[in-house]
Amino acid sequence: MTTISNPAPPAVNTSTLDLVGVSRWYGNVVAVNDVSMSLGPGVTGLLGPNGAGKTTLLHMMAGFLAPSRGTVTLDGGPTWRNPEVYRRLGLVSEREAVHSFLTAYEFVLATAKLHKLPDPQAAARRAIALVELEGAQDRRIGTYSKGMRQRARVAAALVHDPQVLLLDEPFNGMDPRQRLHMMGLLHSLGDAGRTILFSSHILEEVEQVSGTVQVMVAGRLAASGDFRTIRRLMTNRPHVFAIRSTDDRALAVALMAEPSVTGVELSRDGLTVRAGDYGAFTRVLPKVALARGVRVRQLIPEDESLESVFSYLVEA
Ligand SMILES: Nc1ncnc2c1ncn2[C@@H]1O[C@H](COP(=O)(O)OP(=O)(O)OP(=O)(O)O)[C@@H](O)[C@H]1O
């Protein structure tokens, strides 16, 4: 993971985004359901499967969409219909076409002019330097890699030096090197005192970038807080394993005696074992097998889809 050895000193002004009882529906579809959270300086991950309502939530935070119920405020002022918010907040949307005939400099400069900044040229140069795109700034965006295009869009979102930056799935389609670069950039922006929120449906992505996470499932906030606590919650949930061994019956009998095992089913295809604790079970299995002289040929965790993990969090 990219670490920033010399973080910039915290900016003097910091901003807080507050959501209180926020819901948003489209006809009969409830996209966001009674969400409350408070976001301050630093990097926060918004984790959730597809369709969880992340984009809808980000758009309400940015003032692009009105909440059907509840309030979204930035430093006490509503984000909806409040031009002041556009001066203090930047949004990088998930899908946003950029004209391929523009250079990054022209694109970022156009955004600076839209913001009516006093020195748009200097602001564009500063934002491009922040995303380290100076070397390519005069090349047409059409010649860029996906990661470079994303950086150009981040530069445009940062051109007015906002205190809050929201990014919708910023790592989508990036290769590992571009991913590392983007992670480093988000870290340095957070270390400088900005409030950064990025959405993702990939657990590991969020784990690498931020210590604080908000988990959304089916429009609701399923968990929130320190990443390690949430990770523990996820790995401590009941697990199902499919096992094949040289003697399934003997292994089944031995596993039944283990406190971490809550159920064993023996069939012609092998064993299905339910364990209350992932870590305890995976530690004990090799010992039990060795003691009985059984060789484990296959161990497959079942039902490990992200959706099932999220559902567990909702029910927890
Ligand atoms: N304009 C719209 N009209 C009707 N339904 C919508 C609209 N926008 C979103 N939805 C629905 O609201 C729910 C939440 O969608 P949203 O895009 O906010 O989720 P998401 O977590 O960002 O998912 P993804 O990562 O797939 O974009 C989905 O069921 C979606 O189909």
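Reader: What makes up the shell around the ligand, by class?
Author: In this predicted model, the shell has four nonpolar, six polar and one charged residues. Its members are Y26, V29, A31, G48, N50, G51, A52, G53, K54, T55 and T56.

Reader: Which element gives the most to the shell around the ligand?
Author: That is α1, with three residues. Both β2 (29-39) and α1 (54-61) supply at least two residues each.

Reader: Why is α3 called roughly parallel to α5?
Author: Let's set the value against the cut-off. Helix α3 (residues 104-114) and helix α5 (residues 146-158) pack at an angle of about 25 degrees. Angles under 35 degrees count as roughly parallel, and therefore α3 is roughly parallel to α5. Their axes are 8 Å apart, and the crossing is right-handed.

Reader: Which residues of α3 and α5 meet?
Author: From α3 come A104, F107, V108 and T111, and they meet A152, A155 and A156 in α5. By class, this contact has six nonpolar, one polar and no charged residues.

Reader: How much of the protein chain counts as buried?
Author: Of its 316 residues, 37% do. A residue needs 20 or more other C-beta atoms within 10 Å of its own to be called buried.

Terms used: Residues are numbered from 1 along each chain as its sequence is written. This is a predicted model: local features need pLDDT of at least 70, side-chain atom pairs count only at pLDDT 80 or more; totals for chains, interfaces and linings use all residues. Axes are lines fitted to C-alpha atoms, for helices over the stretch in contact, and angles run from 0 to 180 degrees between N-to-C directions. Helices (H or I, at least four residues) and strands (E, at least two) are DSSP runs, numbered from the N terminus. Angles under 35 degrees count as roughly parallel, over 145 as roughly antiparallel, 65 to 115 as roughly perpendicular and the rest as oblique. A crossing is left-handed if the near helix is turned anticlockwise from the far one by less than a right angle, and right-handed if clockwise. Two residues are in contact if their C-beta atoms, placed from the backbone, lie within 7 Å. Ala, Val, Leu, Ile, Met, Phe, Trp, Tyr, Cys and Pro count as nonpolar, Asp, Glu, Lys and Arg as charged, and the others, Gly among them, as polar. A residue is near a molecule or strand if its C-beta atom, placed from the backbone, lies within 6 Å of it. A residue is buried if 20 or more other C-beta atoms lie within 10 Å of its own, exposed if 12 or fewer, and partly exposed in between; C-beta atoms are placed from the backbone.
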